[in-house]
Amino acid sequence: MSPRTYSNAVADPYEAPPLSFADKEDRIIEIRAYDGTDEELEALVEMYDAFDPSDRAQGIPPGREDRIRDWLDNILDDDCLNVIAWNGDEVAGHATLVPDGDAYELAIFVHQTYQRAGIGTRLIKALLGHGRESDVEKVWLTVERWNRAAVGLYKTVGFETSDTESFELEMTIRLTEPGEDA
């Protein structure tokens with residue numbers, strides 16, 4: 001893989017959580033930053049435990065509860081940024097920014113019963129808004145190149161393709177100018 005490249009242009013601003021909206025199914029979805037409570041952790045475990053195996057990509061989310069808990073321990077760390085989409089007390093989706101050198105890696109998961117309702121787009125934008133408020137400068141992700149829906153979503157949000165040398169596409173976005181405080 002070649003060195004990761006980022007556009008010099010800063011992405012448009014994104015609304016940071018908390019926020020709420022009606023999805024395409026008229027469900028009221030609230031997006032909030034993860035607050036670290038046991039209730040939120042257990043709701044995330046429940047969502048991931050019920051996650052359709054066919055929607056797993058690149059080995060995540062893990063498939064067994066013990067592995068889900070270990071994985072969440074890593075990505076819910078204080079150095080990571082997390083936002084959760086809620087439909088009442090049920091988790092509809094989760095997105096995270098995990099530190100990786102001078103940038104952050106993005107991962108997003110929307111439960112299959114909530115897909116294609118506009119939640120993924122709002123969840124990513126809220127996460128990027130949260131990232132900008134937290135002084136995150138650069139974000140990257142990988143996506144399987146045949147996942148056209150995801151690639152289209154990432155492009156719509158402002159990500160640009162930076163590497164196409166494998167079966168995965170690497171995409172990047174710049175949230176702030178180098179050294180700029182949000």
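Which residues lie nearest the centre of the largest pocket? Hold that thought. This is a predicted model, where local features need pLDDT of at least 70, side-chain atom pairs count only at pLDDT 80 or more, and totals for chains, interfaces and linings use all residues. Residues are numbered from 1 along each chain as its sequence is written, and side-chain values use heavy atoms, with hydrogens and water left out.

Now the pocket. Ile108, Phe109, Asn147, Ala150 and Tyr154 lie nearest its centre, among 35 lining residues. A pocket here is an open set of points on a 1 Å grid over the protein atoms alone, where a 1.4 Å probe fits, with protein on both sides within 12 Å along at least five of seven lines; lining residues have an atom within 4 Å of a point. Strand E5 gives the most to this lining, six residues. Strands are DSSP runs of E, at least two residues; helices are runs of H or I, at least four.

Next, the largest nonpolar core. It has 37 residues. Such a core is a set of buried Ala, Val, Leu, Ile, Met, Phe, Trp, Tyr and Cys residues joined through side-chain atoms within 4.5 Å. Buried means under 20% relative accessible area, with a 1.4 Å probe and protein chains only. Tyr154 is one of the members that touch the most others. The largest share of this core, six residues, comes from H3.

Look at Tyr154 again. Beyond its neighbours within four places in sequence, Tyr154 is in contact (heavy atoms within 4.5 Å) with Ile108, Ile124, Leu141, Val143, Phe159 and Met171.

Last, helix H1. Its buried residues include Leu41, Leu44 and Tyr48.

Terms used: Buried means under 20% relative accessible area, exposed over 50%, partly exposed in between (1.4 Å probe, protein chains only).
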